[in-house]
Amino acid sequence: MSMLDIHIDHKVYPGANGTGETVVFRDFKLRAAANEFVCLFGPSGCGKTTLLNIVAGLDTDFQGRGGISDVNDRRQPRIGYVFQEPRLLPWRSVRDNIRLAVQNDPVRLARIDELMAIVGLTGLEEAYPRQLSAGQARRAALARAFATAPDLLLMDEPFVSLDDPAAERLQGVLLDVWSARPATVLFVTHNLREAMLLADRVVLLRGNPATIVADRSITVPRNLRPGSAELRELQDEMDALRRDPQDTRRAGSGDGRA
Amino acid sequence: MGSRIAASILSLLALIVIWAFAAELAASRLLPPPTVVFTAIVSEIENGALLRHLGITLLRVAASFILAMAIGAVVGLAMGRVEVVDKAFDGWLILLLNLPALVTIILFYVWFGLTEIAAICAVAVNKIPTVVVTVREGTRALNPDYLAVARVYNFGRWRTLRHVIAPQLTPYLVAAARSGLSLIWKIVLVVELLGRSDGVGFQLALFFQLFDVKMILAYTLAFVLVIQVLELAIMQPMERRASRWRG
(Lines give C-alpha, C1' and ligand atoms only; values in the text may rest on other atoms or scores of the structure.)
Protein backbone atom coordinates (compact mmCIF):
# COMPACT_ATOMS: atom_id res chain seq x y z
CA MET A 1 0.00 0.00 0.00
CA SER A 2 1.13 3.46 -0.75
CA MET A 3 2.15 5.62 2.11
CA LEU A 4 4.29 8.57 2.77
CA ASP A 5 6.92 8.72 5.47
CA ILE A 6 9.00 11.86 5.39
CA HIS A 7 11.82 12.48 7.80
CA ILE A 8 14.06 15.41 6.93
CA ASP A 9 16.99 15.72 9.33
CA HIS A 10 18.40 18.87 7.83
CA LYS A 11 17.66 21.11 4.87
CA VAL A 12 19.09 24.60 4.38
CA TYR A 13 18.86 27.31 1.77
CA PRO A 14 22.21 28.94 1.16
CA GLY A 15 22.11 32.67 1.84
CA ALA A 16 22.92 35.21 -0.83
CA ASN A 17 26.70 35.72 -1.25
CA GLY A 18 27.36 33.20 1.48
CA THR A 19 25.83 35.46 4.12
CA GLY A 20 24.20 33.05 6.50
CA GLU A 21 21.87 30.28 5.54
CA THR A 22 18.24 29.58 6.35
CA VAL A 23 17.40 26.29 7.98
CA VAL A 24 14.16 25.22 6.32
CA PHE A 25 13.74 21.86 7.99
CA ARG A 26 15.36 20.36 11.07
CA ASP A 27 14.24 16.97 12.28
CA PHE A 28 10.95 17.35 10.42
CA LYS A 29 8.58 14.40 10.29
CA LEU A 30 5.38 13.95 8.34
CA ARG A 31 3.50 10.77 7.61
CA ALA A 32 0.49 10.12 5.48
CA ALA A 33 -1.55 6.97 5.27
CA ALA A 34 -2.31 5.30 1.99
CA ASN A 35 -4.84 7.26 -0.04
CA GLU A 36 -5.01 9.99 2.56
CA PHE A 37 -5.69 13.53 1.33
CA VAL A 38 -3.39 15.86 3.28
CA CYS A 39 -3.51 19.64 2.92
CA LEU A 40 -0.38 21.55 3.85
CA PHE A 41 -1.15 25.03 4.92
CA GLY A 42 1.12 27.84 6.05
CA PRO A 43 2.69 31.20 5.25
CA SER A 44 4.92 31.65 2.20
CA GLY A 45 8.53 30.76 2.71
CA CYS A 46 7.97 28.07 5.30
CA GLY A 47 9.13 25.36 2.92
CA LYS A 48 5.94 23.83 1.56
CA THR A 49 7.12 23.78 -2.05
CA THR A 50 10.54 22.56 -0.93
CA LEU A 51 8.82 19.72 0.89
CA LEU A 52 6.94 18.69 -2.28
CA ASN A 53 10.15 18.85 -4.32
CA ILE A 54 11.93 16.66 -1.80
CA VAL A 55 9.10 14.12 -1.87
CA ALA A 56 9.06 14.22 -5.69
CA GLY A 57 12.78 13.50 -5.76
CA LEU A 58 13.53 16.81 -7.50
CA ASP A 59 15.43 18.23 -4.54
CA THR A 60 18.06 15.82 -3.29
CA ASP A 61 20.20 18.37 -1.47
CA PHE A 62 19.14 17.50 2.08
CA GLN A 63 19.80 15.02 4.84
CA GLY A 64 17.12 12.56 5.65
CA ARG A 65 14.56 10.48 3.90
CA GLY A 66 12.26 11.96 1.31
CA GLY A 67 9.60 9.67 1.47
CA ILE A 68 7.52 7.39 -0.55
CA SER A 69 7.76 3.97 0.90
CA ASP A 70 7.14 1.35 -1.68
CA VAL A 71 3.65 0.91 -3.07
CA ASN A 72 4.30 -2.71 -3.71
CA ASP A 73 7.45 -4.54 -4.63
CA ARG A 74 6.84 -4.76 -8.33
CA ARG A 75 7.16 -1.21 -9.56
CA GLN A 76 8.26 2.33 -8.79
CA PRO A 77 5.46 4.39 -7.29
CA ARG A 78 4.06 6.80 -9.83
CA ILE A 79 3.92 10.49 -9.00
CA GLY A 80 1.62 13.15 -10.37
CA TYR A 81 2.86 16.67 -9.65
CA VAL A 82 0.77 19.75 -10.31
CA PHE A 83 3.30 22.56 -10.05
CA GLN A 84 2.56 26.11 -8.96
CA GLU A 85 2.63 27.15 -12.62
CA PRO A 86 1.16 24.75 -15.19
CA ARG A 87 4.59 23.94 -16.70
CA LEU A 88 3.26 22.52 -19.95
CA LEU A 89 5.89 22.06 -22.62
CA PRO A 90 5.07 25.02 -24.91
CA TRP A 91 6.32 23.24 -28.04
CA ARG A 92 4.01 20.24 -27.66
CA SER A 93 0.24 20.13 -28.08
CA VAL A 94 -1.94 19.72 -25.00
CA ARG A 95 -2.61 16.08 -25.80
CA ASP A 96 1.09 15.38 -26.38
CA ASN A 97 1.93 17.02 -23.07
CA ILE A 98 -0.40 14.60 -21.33
CA ARG A 99 0.64 11.64 -23.46
CA LEU A 100 4.32 12.18 -22.60
CA ALA A 101 3.58 11.87 -18.90
CA VAL A 102 1.66 8.65 -19.44
CA GLN A 103 4.50 6.72 -21.06
CA ASN A 104 3.34 3.75 -23.08
CA ASP A 105 0.64 2.20 -20.96
CA PRO A 106 -2.24 1.47 -23.37
CA VAL A 107 -4.93 1.63 -20.67
CA ARG A 108 -3.87 5.07 -19.48
CA LEU A 109 -3.25 6.31 -23.03
CA ALA A 110 -6.82 5.38 -23.91
CA ARG A 111 -8.09 7.46 -21.00
CA ILE A 112 -6.46 10.73 -22.09
CA ASP A 113 -9.38 12.03 -24.11
CA GLU A 114 -11.81 11.08 -21.36
CA LEU A 115 -9.70 12.96 -18.81
CA MET A 116 -9.50 15.99 -21.05
CA ALA A 117 -13.28 15.95 -21.28
CA ILE A 118 -13.60 15.64 -17.49
CA VAL A 119 -11.46 18.73 -16.88
CA GLY A 120 -13.22 20.56 -19.71
CA LEU A 121 -10.60 20.70 -22.44
CA THR A 122 -12.50 18.93 -25.22
CA GLY A 123 -11.66 20.51 -28.56
CA LEU A 124 -8.31 21.85 -27.35
CA GLU A 125 -6.42 18.56 -27.75
CA GLU A 126 -4.24 19.84 -30.57
CA ALA A 127 -3.81 23.38 -29.21
CA TYR A 128 -0.40 24.58 -28.10
CA PRO A 129 -0.14 25.80 -24.49
CA ARG A 130 0.33 29.42 -25.63
CA GLN A 131 -3.16 29.34 -27.06
CA LEU A 132 -4.73 28.38 -23.71
CA SER A 133 -6.09 30.73 -21.09
CA ALA A 134 -4.52 30.56 -17.63
CA GLY A 135 -7.44 28.45 -16.39
CA GLN A 136 -7.25 26.07 -19.34
CA ALA A 137 -3.51 25.62 -18.79
CA ARG A 138 -4.15 24.75 -15.13
CA ARG A 139 -6.76 22.20 -16.19
CA ALA A 140 -4.32 20.67 -18.66
CA ALA A 141 -1.69 20.38 -15.92
CA LEU A 142 -4.33 18.71 -13.74
CA ALA A 143 -5.26 16.27 -16.51
CA ARG A 144 -1.59 15.44 -16.97
CA ALA A 145 -1.18 14.60 -13.29
CA PHE A 146 -4.37 12.51 -13.25
CA ALA A 147 -3.46 10.74 -16.47
CA THR A 148 -0.47 9.03 -14.90
CA ALA A 149 -2.82 7.27 -12.47
CA PRO A 150 -0.49 8.34 -9.67
CA ASP A 151 0.07 6.61 -6.37
CA LEU A 152 1.11 9.95 -4.95
CA LEU A 153 -0.38 13.21 -6.11
CA LEU A 154 1.56 16.36 -5.23
CA MET A 155 -0.28 19.63 -5.75
CA ASP A 156 1.27 23.04 -5.21
CA GLU A 157 -1.52 25.62 -5.06
CA PRO A 158 -3.04 24.18 -8.21
CA PHE A 159 -6.09 26.47 -8.21
CA VAL A 160 -4.42 29.73 -7.31
CA SER A 161 -5.22 32.71 -9.58
CA LEU A 162 -8.47 31.12 -10.76
CA ASP A 163 -11.75 32.87 -10.05
CA ASP A 164 -13.96 31.25 -7.39
CA PRO A 165 -16.41 29.39 -9.66
CA ALA A 166 -13.56 27.97 -11.75
CA ALA A 167 -11.63 26.93 -8.64
CA GLU A 168 -14.71 25.31 -7.13
CA ARG A 169 -15.45 23.40 -10.30
CA LEU A 170 -11.89 22.08 -10.44
CA GLN A 171 -11.98 21.17 -6.74
CA GLY A 172 -15.04 19.08 -7.62
CA VAL A 173 -13.20 17.50 -10.53
CA LEU A 174 -10.24 16.73 -8.29
CA LEU A 175 -12.46 15.02 -5.70
CA ASP A 176 -14.30 13.04 -8.40
CA VAL A 177 -11.13 11.77 -10.01
CA TRP A 178 -9.53 11.08 -6.65
CA SER A 179 -12.57 9.13 -5.37
CA ALA A 180 -12.67 7.08 -8.55
CA ARG A 181 -9.00 6.21 -8.24
CA PRO A 182 -7.62 7.04 -4.80
CA ALA A 183 -4.06 8.18 -4.27
CA THR A 184 -2.13 9.70 -1.43
CA VAL A 185 -2.36 13.48 -1.87
CA LEU A 186 -0.14 16.26 -0.57
CA PHE A 187 -1.95 19.47 -1.39
CA VAL A 188 -0.30 22.83 -0.65
CA THR A 189 -2.63 25.79 -0.34
CA HIS A 190 -2.90 29.28 1.09
CA ASN A 191 -6.64 29.00 1.12
CA LEU A 192 -7.89 27.57 4.40
CA ARG A 193 -11.45 27.22 3.11
CA GLU A 194 -10.19 25.14 0.21
CA ALA A 195 -8.24 22.93 2.61
CA MET A 196 -11.37 22.43 4.74
CA LEU A 197 -13.39 21.32 1.73
CA LEU A 198 -10.86 18.91 0.27
CA ALA A 199 -8.70 17.29 2.91
CA ASP A 200 -8.84 14.31 5.21
CA ARG A 201 -6.21 16.09 7.26
CA VAL A 202 -5.03 19.67 7.47
CA VAL A 203 -1.45 20.32 8.54
CA LEU A 204 -0.42 23.85 9.49
CA LEU A 205 3.26 24.67 9.08
CA ARG A 206 5.05 27.74 10.33
CA GLY A 207 8.51 29.22 10.77
CA ASN A 208 12.09 28.50 9.80
CA PRO A 209 12.85 25.74 10.44
CA ALA A 210 9.30 24.67 9.71
CA THR A 211 7.35 23.14 12.55
CA ILE A 212 3.93 21.54 12.49
CA VAL A 213 1.76 23.90 14.51
CA ALA A 214 -1.46 21.97 14.04
CA ASP A 215 -2.40 18.64 12.52
CA ARG A 216 -6.15 17.97 12.44
CA SER A 217 -8.18 15.22 10.86
CA ILE A 218 -11.47 16.18 9.27
CA THR A 219 -14.12 13.54 9.69
CA VAL A 220 -17.11 15.41 8.28
CA PRO A 221 -18.16 13.69 5.01
CA ARG A 222 -17.26 15.83 2.02
CA ASN A 223 -20.82 16.29 0.79
CA LEU A 224 -21.77 17.84 4.16
CA ARG A 225 -18.81 20.17 4.36
CA PRO A 226 -20.05 23.36 2.69
CA GLY A 227 -21.66 25.36 5.50
CA SER A 228 -20.73 22.87 8.23
CA ALA A 229 -20.55 24.56 11.64
CA GLU A 230 -17.95 22.11 12.88
CA LEU A 231 -15.62 23.00 10.02
CA ARG A 232 -16.30 26.70 10.50
CA GLU A 233 -15.04 26.30 14.03
CA LEU A 234 -11.96 24.36 12.95
CA GLN A 235 -11.22 26.92 10.28
CA ASP A 236 -11.40 29.76 12.80
CA GLU A 237 -9.18 27.88 15.17
CA MET A 238 -6.53 27.25 12.52
CA ASP A 239 -6.80 30.77 11.28
CA ALA A 240 -6.04 31.97 14.80
CA LEU A 241 -3.07 29.61 15.05
CA ARG A 242 -1.71 30.96 11.83
CA ARG A 243 -2.06 34.59 12.86
CA ASP A 244 -1.46 34.54 16.56
CA PRO A 245 1.49 32.29 17.31
CA GLN A 246 1.60 31.06 20.88
CA ASP A 247 5.36 31.14 20.81
CA THR A 248 6.11 34.70 19.71
CA ARG A 249 9.85 34.30 20.08
CA ARG A 250 10.10 31.51 17.54
CA ALA A 251 7.66 33.08 15.15
CA GLY A 252 9.56 36.35 15.33
CA SER A 253 12.80 34.73 14.25
CA GLY A 254 11.11 32.56 11.69
CA ASP A 255 8.47 34.46 9.80
CA GLY A 256 10.65 37.50 9.28
CA ARG A 257 12.88 35.59 6.96
CA ALA A 258 10.09 34.09 4.88
CA MET B 1 8.22 40.47 -47.23
CA GLY B 2 7.43 41.07 -50.93
CA SER B 3 8.72 44.62 -50.86
CA ARG B 4 11.92 43.48 -49.16
CA ILE B 5 12.60 40.95 -51.91
CA ALA B 6 11.87 43.61 -54.53
CA ALA B 7 14.31 45.96 -52.79
CA SER B 8 17.09 43.32 -52.75
CA ILE B 9 16.55 42.57 -56.44
CA LEU B 10 16.62 46.23 -57.28
CA SER B 11 19.81 46.82 -55.30
CA LEU B 12 21.49 43.80 -56.97
CA LEU B 13 20.46 45.11 -60.38
CA ALA B 14 22.02 48.44 -59.46
CA LEU B 15 25.25 46.63 -58.59
CA ILE B 16 25.26 44.90 -61.99
CA VAL B 17 24.73 48.26 -63.73
CA ILE B 18 27.64 49.79 -61.80
CA TRP B 19 29.77 46.74 -62.65
CA ALA B 20 28.88 47.05 -66.35
CA PHE B 21 29.72 50.73 -66.28
CA ALA B 22 33.06 50.14 -64.54
CA ALA B 23 33.94 47.36 -67.00
CA GLU B 24 33.15 49.72 -69.87
CA LEU B 25 35.48 52.34 -68.38
CA ALA B 26 38.29 49.91 -67.60
CA ALA B 27 38.00 48.11 -70.92
CA SER B 28 40.34 45.42 -69.58
CA ARG B 29 40.42 41.61 -69.62
CA LEU B 30 40.86 41.85 -65.84
CA LEU B 31 37.37 43.30 -65.36
CA PRO B 32 35.02 41.66 -67.84
CA PRO B 33 31.48 43.04 -68.18
CA PRO B 34 28.49 41.11 -66.76
CA THR B 35 27.37 39.87 -70.17
CA VAL B 36 30.69 38.10 -70.76
CA VAL B 37 30.59 36.50 -67.32
CA PHE B 38 27.00 35.30 -67.80
CA THR B 39 27.88 33.86 -71.18
CA ALA B 40 30.81 32.06 -69.54
CA ILE B 41 28.45 30.61 -66.90
CA VAL B 42 26.10 29.33 -69.62
CA SER B 43 28.89 27.75 -71.63
CA GLU B 44 30.40 26.13 -68.53
CA ILE B 45 26.99 24.70 -67.69
CA GLU B 46 26.65 23.43 -71.25
CA ASN B 47 29.98 21.65 -71.27
CA GLY B 48 29.23 20.13 -67.87
CA ALA B 49 32.30 21.43 -66.02
CA LEU B 50 30.52 23.92 -63.79
CA LEU B 51 27.89 21.47 -62.53
CA ARG B 52 30.46 18.76 -61.93
CA HIS B 53 32.76 20.96 -59.86
CA LEU B 54 29.87 22.65 -58.12
CA GLY B 55 28.34 19.27 -57.25
CA ILE B 56 31.60 17.96 -55.79
CA THR B 57 32.07 21.11 -53.72
CA LEU B 58 28.52 20.95 -52.43
CA LEU B 59 29.01 17.31 -51.42
CA ARG B 60 32.07 18.34 -49.43
CA VAL B 61 30.14 21.20 -47.85
CA ALA B 62 27.33 18.82 -46.90
CA ALA B 63 29.67 16.17 -45.46
CA SER B 64 31.68 18.66 -43.39
CA PHE B 65 28.53 20.44 -42.28
CA ILE B 66 26.80 17.27 -41.05
CA LEU B 67 29.97 16.05 -39.35
CA ALA B 68 30.57 19.39 -37.62
CA MET B 69 26.98 19.80 -36.49
CA ALA B 70 26.70 16.25 -35.16
CA ILE B 71 29.97 16.27 -33.21
CA GLY B 72 29.53 19.88 -32.12
CA ALA B 73 26.00 19.28 -30.83
CA VAL B 74 26.95 16.18 -28.83
CA VAL B 75 30.06 17.76 -27.31
CA GLY B 76 28.25 21.05 -26.64
CA LEU B 77 25.40 19.24 -24.90
CA ALA B 78 27.84 17.23 -22.80
CA MET B 79 29.83 20.33 -21.83
CA GLY B 80 26.69 22.25 -20.99
CA ARG B 81 25.19 19.49 -18.86
CA VAL B 82 28.21 17.91 -17.17
CA GLU B 83 30.57 20.17 -15.31
CA VAL B 84 33.49 17.73 -15.35
CA VAL B 85 33.35 17.48 -19.14
CA ASP B 86 33.15 21.26 -19.39
CA LYS B 87 36.23 21.71 -17.23
CA ALA B 88 38.13 18.97 -19.05
CA PHE B 89 37.59 20.35 -22.54
CA ASP B 90 37.27 24.09 -22.05
CA GLY B 91 40.99 24.61 -22.69
CA TRP B 92 40.88 22.54 -25.87
CA LEU B 93 37.92 24.56 -27.03
CA ILE B 94 39.72 27.88 -26.60
CA LEU B 95 42.72 26.53 -28.46
CA LEU B 96 40.60 25.24 -31.35
CA LEU B 97 38.58 28.46 -31.54
CA ASN B 98 41.77 30.42 -32.06
CA LEU B 99 43.41 28.01 -34.49
CA PRO B 100 43.51 29.58 -37.99
CA ALA B 101 41.64 27.50 -40.58
CA LEU B 102 44.72 27.39 -42.78
CA VAL B 103 46.78 25.72 -40.04
CA THR B 104 44.22 22.95 -39.55
CA ILE B 105 44.04 22.34 -43.28
CA ILE B 106 47.82 22.16 -43.72
CA LEU B 107 48.26 19.88 -40.71
CA PHE B 108 45.48 17.51 -41.82
CA TYR B 109 46.96 17.26 -45.32
CA VAL B 110 50.43 16.66 -43.89
CA TRP B 111 49.27 14.06 -41.38
CA PHE B 112 46.60 12.24 -43.36
CA GLY B 113 47.66 12.87 -46.95
CA LEU B 114 45.89 14.75 -49.73
CA THR B 115 42.73 12.70 -49.30
CA GLU B 116 39.02 13.36 -49.35
CA ILE B 117 38.70 12.35 -45.68
CA ALA B 118 41.48 14.71 -44.61
CA ALA B 119 39.83 17.55 -46.56
CA ILE B 120 36.38 17.02 -45.06
CA CYS B 121 37.70 16.54 -41.52
CA ALA B 122 39.85 19.66 -41.77
CA VAL B 123 36.80 21.72 -42.66
CA ALA B 124 34.68 20.12 -39.92
CA VAL B 125 37.34 20.73 -37.27
CA ASN B 126 37.25 24.43 -38.10
CA LYS B 127 33.52 24.55 -37.53
CA ILE B 128 33.10 22.20 -34.54
CA PRO B 129 34.30 24.65 -31.83
CA THR B 130 31.75 27.34 -32.73
CA VAL B 131 28.95 24.74 -32.78
CA VAL B 132 30.11 23.53 -29.36
CA VAL B 133 30.11 27.04 -27.94
CA THR B 134 26.63 27.81 -29.27
CA VAL B 135 25.09 24.53 -28.16
CA ARG B 136 26.77 24.74 -24.76
CA GLU B 137 25.28 28.18 -24.27
CA GLY B 138 21.86 26.82 -25.24
CA THR B 139 22.24 23.88 -22.86
CA ARG B 140 23.09 26.20 -19.98
CA ALA B 141 19.96 28.20 -20.75
CA LEU B 142 17.68 25.14 -20.52
CA ASN B 143 14.71 25.83 -18.29
CA PRO B 144 15.06 23.69 -15.15
CA ASP B 145 11.26 23.77 -14.67
CA TYR B 146 10.71 21.66 -17.76
CA LEU B 147 13.52 19.30 -16.80
CA ALA B 148 11.76 18.84 -13.46
CA VAL B 149 8.58 17.88 -15.31
CA ALA B 150 10.57 15.30 -17.29
CA ARG B 151 12.00 13.84 -14.07
CA VAL B 152 8.75 13.69 -12.15
CA TYR B 153 6.94 12.05 -15.04
CA ASN B 154 9.80 9.63 -15.75
CA PHE B 155 10.41 10.68 -19.34
CA GLY B 156 13.74 8.88 -19.35
CA ARG B 157 16.86 9.99 -21.15
CA TRP B 158 15.74 9.69 -24.75
CA ARG B 159 12.31 11.27 -24.39
CA THR B 160 13.75 14.09 -22.28
CA LEU B 161 16.26 14.78 -25.03
CA ARG B 162 13.68 14.68 -27.77
CA HIS B 163 10.75 16.46 -26.14
CA VAL B 164 12.32 18.74 -23.55
CA ILE B 165 15.92 19.52 -24.47
CA ALA B 166 15.91 19.49 -28.29
CA PRO B 167 13.03 21.98 -28.69
CA GLN B 168 14.81 24.43 -26.40
CA LEU B 169 18.10 23.96 -28.27
CA THR B 170 16.53 24.43 -31.71
CA PRO B 171 17.14 28.19 -31.95
CA TYR B 172 20.77 27.62 -30.99
CA LEU B 173 21.17 24.75 -33.47
CA VAL B 174 19.62 26.87 -36.20
CA ALA B 175 21.99 29.74 -35.39
CA ALA B 176 24.95 27.33 -35.43
CA ALA B 177 23.76 25.81 -38.72
CA ARG B 178 23.40 29.16 -40.44
CA SER B 179 26.75 30.57 -39.39
CA GLY B 180 28.13 27.08 -40.05
CA LEU B 181 27.03 26.97 -43.63
CA SER B 182 28.50 30.37 -44.41
CA LEU B 183 31.81 29.49 -42.71
CA ILE B 184 32.09 26.02 -44.18
CA TRP B 185 31.56 26.87 -47.83
CA LYS B 186 34.35 29.42 -47.63
CA ILE B 187 36.78 27.02 -45.98
CA VAL B 188 35.89 24.23 -48.41
CA LEU B 189 37.18 26.40 -51.25
CA VAL B 190 40.53 26.82 -49.48
CA VAL B 191 40.76 23.08 -48.85
CA GLU B 192 40.09 22.41 -52.52
CA LEU B 193 42.60 25.00 -53.58
CA LEU B 194 45.34 23.45 -51.44
CA GLY B 195 44.85 19.76 -51.91
CA ARG B 196 42.08 18.60 -54.23
CA SER B 197 41.99 18.20 -58.00
CA ASP B 198 38.34 19.07 -58.48
CA GLY B 199 35.68 21.36 -57.03
CA VAL B 200 35.05 25.09 -57.29
CA GLY B 201 38.12 25.93 -55.19
CA PHE B 202 40.36 23.90 -57.50
CA GLN B 203 38.90 25.64 -60.56
CA LEU B 204 39.38 29.07 -58.98
CA ALA B 205 43.04 28.23 -58.31
CA LEU B 206 43.43 27.17 -61.91
CA PHE B 207 41.87 30.36 -63.30
CA PHE B 208 43.93 32.41 -60.87
CA GLN B 209 47.10 31.00 -62.41
CA LEU B 210 45.73 31.94 -65.85
CA PHE B 211 44.58 35.35 -64.61
CA ASP B 212 41.18 34.45 -66.09
CA VAL B 213 38.95 36.85 -64.15
CA LYS B 214 35.95 36.05 -66.34
CA MET B 215 35.93 32.41 -65.23
CA ILE B 216 36.72 33.29 -61.60
CA LEU B 217 33.66 35.52 -61.51
CA ALA B 218 31.57 32.95 -63.35
CA TYR B 219 32.31 30.20 -60.82
CA THR B 220 31.98 32.52 -57.87
CA LEU B 221 28.59 33.85 -58.94
CA ALA B 222 27.23 30.39 -59.65
CA PHE B 223 28.41 29.13 -56.27
CA VAL B 224 27.07 32.09 -54.30
CA LEU B 225 23.74 31.68 -56.05
CA VAL B 226 23.50 27.99 -55.13
CA ILE B 227 24.36 28.68 -51.47
CA GLN B 228 21.71 31.41 -51.33
CA VAL B 229 19.12 29.04 -52.78
CA LEU B 230 20.07 26.46 -50.11
CA GLU B 231 19.58 29.08 -47.42
CA LEU B 232 16.16 30.06 -48.75
CA ALA B 233 14.94 26.58 -49.68
CA ILE B 234 16.25 24.56 -46.73
CA MET B 235 17.50 26.60 -43.78
CA GLN B 236 14.69 29.14 -43.52
CA PRO B 237 11.76 26.69 -43.91
CA MET B 238 13.46 24.44 -41.33
CA GLU B 239 13.67 27.33 -38.91
CA ARG B 240 10.02 28.26 -39.45
CA ARG B 241 8.89 24.68 -38.94
CA ALA B 242 10.81 24.40 -35.68
CA SER B 243 9.26 27.56 -34.26
CA ARG B 244 5.64 26.82 -35.23
CA TRP B 245 4.56 26.45 -31.60
CA ARG B 246 5.48 30.06 -30.83
CA GLY B 247 2.44 30.98 -32.94
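Trainee: Which residue stands opposite Leu186(A) in S8(A)?

Mentor: Leu154(A) does. Keep in mind that this is a predicted model.

Trainee: What makes S7(A) and S8(A) a pair?

Mentor: Two strands count as paired once DSSP finds at least two bridges between them. Strand S7 (residues 152-156) of chain A is joined to S8(A) by five bridges, in the parallel sense, so by that cut-off they pair.

Trainee: And on S3(A), how many bridges join that strand to S8(A)?

Mentor: Five, again with the strands running parallel. One spot to look at is Leu40(A), whose bridge partner in S8(A) is Val188(A).

Trainee: Why is S8(A) called largely enclosed?

Mentor: Buried means 20 or more other C-beta atoms within 10 Å of a residue's own. Six of the six residues of S8(A), residues 184-189, are buried, so the strand is largely enclosed by the rest of the structure. Thr184(A), Leu186(A) and Val188(A) point one way, Val185(A), Phe187(A) and Thr189(A) the other, and all are buried.

Trainee: What makes the β-α-β unit that ends in S8(A) right-handed?

Mentor: The test is to point the strands away from you: a path from the first strand over the helix to the second that runs clockwise is right-handed. The unit here is S7(A), helix H6 (residues 164-180) of chain A and S8(A), and it is right-handed.

Trainee: How many residues of chain A are in contact with chain B?

Mentor: 16, and they meet 15 residues of chain B. Strand S6 (79-82) and helix H2 (94-102) of chain A are the elements that give two or more residues to that side. By class, the chain A side has 10 nonpolar, three polar and three charged residues.

Definitions and conventions. Residues numbered from 1 in each chain as written. Chains lettered and ligands numbered in written order. Predicted model: local features only at pLDDT ≥ 70, side-chain atom pairs only at ≥ 80, totals over all residues. Buried ≥ 20, exposed ≤ 12 C-beta atoms within 10 Å, placed from the backbone. Helix = DSSP H or I, 4+ residues; strand = E, 2+ residues; numbered from the N terminus. Contact = placed C-beta atoms within 7 Å. Nonpolar A, V, L, I, M, F, W, Y, C, P; charged D, E, K, R; others polar.
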